[in-house]
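Visitor: Could you walk me through how the features of a model like this are to be read, with the cut-offs stated as we go?

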Amino acid sequence: MKHISPTQVAVDAPTRAPTRRALAKQQTRLKVLAAARRLFSEQGYEGATIRDIAAAAGMSTGAVFANFTDKSDLFREIMADDMEALTAAMRDAAIRGRNVEDALLKIFMAGYTFYKTRLQLARAAFSVSWDKDGGPTLRGMSSSTAFQDLFGEQLTAAVERGELSQEAEVKLRSQMLFDTYLSNFPQAIFEGWSLDALQARARDQIRILLAGARRG
Amino acid sequence: MNDADLGSPAQPVPARQSQKEATRQRVIAAARELFDSHGYQGTTIREIARHAGISVGSVFTTFASKGEILSEVMQARLEPLYAEIDRVMPHVRGSTADRLRTMFAVHFEFEAQHVRLFMSHIAAAYDWTLPPGARPYGRTPGLQEVIRDVLVKGQAAGDVRPDIDLQEVVDLLLSAYAWTYRLVITREADAKSLIKVMDRQIGLIAEGFAPRN
């Protein structure tokens, strides 16, 4: 047995040991997440198994399950990271908008550009979001709601600037803008529309949806 | 091979065809139930085969993917709906927005009977690995044609701007209609509350297609 002096124990145990364990756990999580992201991207959500993910991360399935309850838990974590990154990118894009219409258009385009390189993840996200079990959880995540709120924030700001009328029905209108943003994905990504074509379409859609709020 | 076979070359083919048709119908019936209870993601070809009591291989001799099976299920299901809509719509009076509201209300009431099935149909629209032959939500011609008809009549009545891109309005209405079903997932909304939300959305889109003064 290795001899440990009392002073060593005193120094190591209370402070460094838990930190090291926490760090190791954090590193394991990150490794699993990176492997899962890669496999979901290459093989799709249905195609990737926990066993494959564990192997790709160079660890046992037990080690994966110690950190994540199941595949959907892993997927939600990845989606949350992406949605946070995308929300930030959209917010940056919106600031450069000349008016509410332009800001919304920039938000739409930031989303389509972001997912052009994450096709499988986008497909999986849509699939899970309409799922009876996975849907409510995915849609209820704080990163999902923060993402949706972005659309409402733009309209509220436009009402404050006097660009849109006070009776703009911000809640319904922002919800519809969000739905429209999502509904373009089959064209945006799956049918391979050019970003220019998408932009023209999105601009028209935004104009139609804002029309009533401008008149008031 | 014997003489009987040579003498009646037409016979074996129909027999095989009717067997193939019977398999098809069994697959479609099994798939309809599974998509309605497990959703699009939760349903696999293997389960459909098991539920239909046939081998996975037999399913694949008739259908290339689960999306294609779902397309067949929906096509069979939506035919009577559009027959009904075609019968009713010419008699519906009122503004373009009101005629759209009536038309969508009929849809919500119809789909409410098997709402998970319809949501599977919507989910399939976001599965771009589907073969071109599959017709998920948005690629079925029926609904698009009905909406377009109402809008064209609206243009004739001076209710809809003549210079608007009709396809864009059709797409906006399709998107609003589909995503209203989200409320079934988040709030377990029934047909009545879905119709209420859709009525407001149609009002908002109508502001966008109304002629400019």
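**Reading the core and the fold**

Guide: A nonpolar core is a set of buried Ala, Val, Leu, Ile, Met, Phe, Trp, Tyr and Cys residues joined through C-beta atoms within 7 Å, where buried means that 20 or more other C-beta atoms, placed from the backbone, lie within 10 Å of a residue's own. Here the largest nonpolar core has 108 residues, and those with the most contacts inside it are Val27(B), Ala31(B), Ile48(B), Ile122(B) and Ile205(B). Helix α11 of chain B (residues 191-209) gives the largest share of this core, 8 residues. Domain 1 (8-63) and domain 2 (65-213) of chain B both give residues to this core, so it lies between them; the domain bounds come from an automatic or database domain assignment.

This is a predicted model, in which local features need pLDDT of at least 70 and side-chain atom pairs count only at pLDDT 80 or more, while totals for chains, interfaces and linings use all residues. Residues are numbered from 1 along each chain as its sequence is written, and chains are lettered from A and ligands numbered from 1 in the order in which they are written.

Visitor: Which residues is Val27(B) in contact with, leaving aside its neighbours within four places in sequence?

Guide: Two residues are in contact if their C-beta atoms, placed from the backbone, lie within 7 Å. On that basis Val27(B) is in contact with Ile48(B), Ala52(B), Val59(B), Thr62(B), Phe63(B) and Ile69(B).

Visitor: How many helices and strands does chain B have?

Guide: Helices (H or I, at least four residues) and strands (E, at least two) are DSSP runs, numbered from the N terminus; chain B has 11 helices and 0 strands.

Note on methods. Buried ≥ 20, exposed ≤ 12 C-beta atoms within 10 Å, placed from the backbone.
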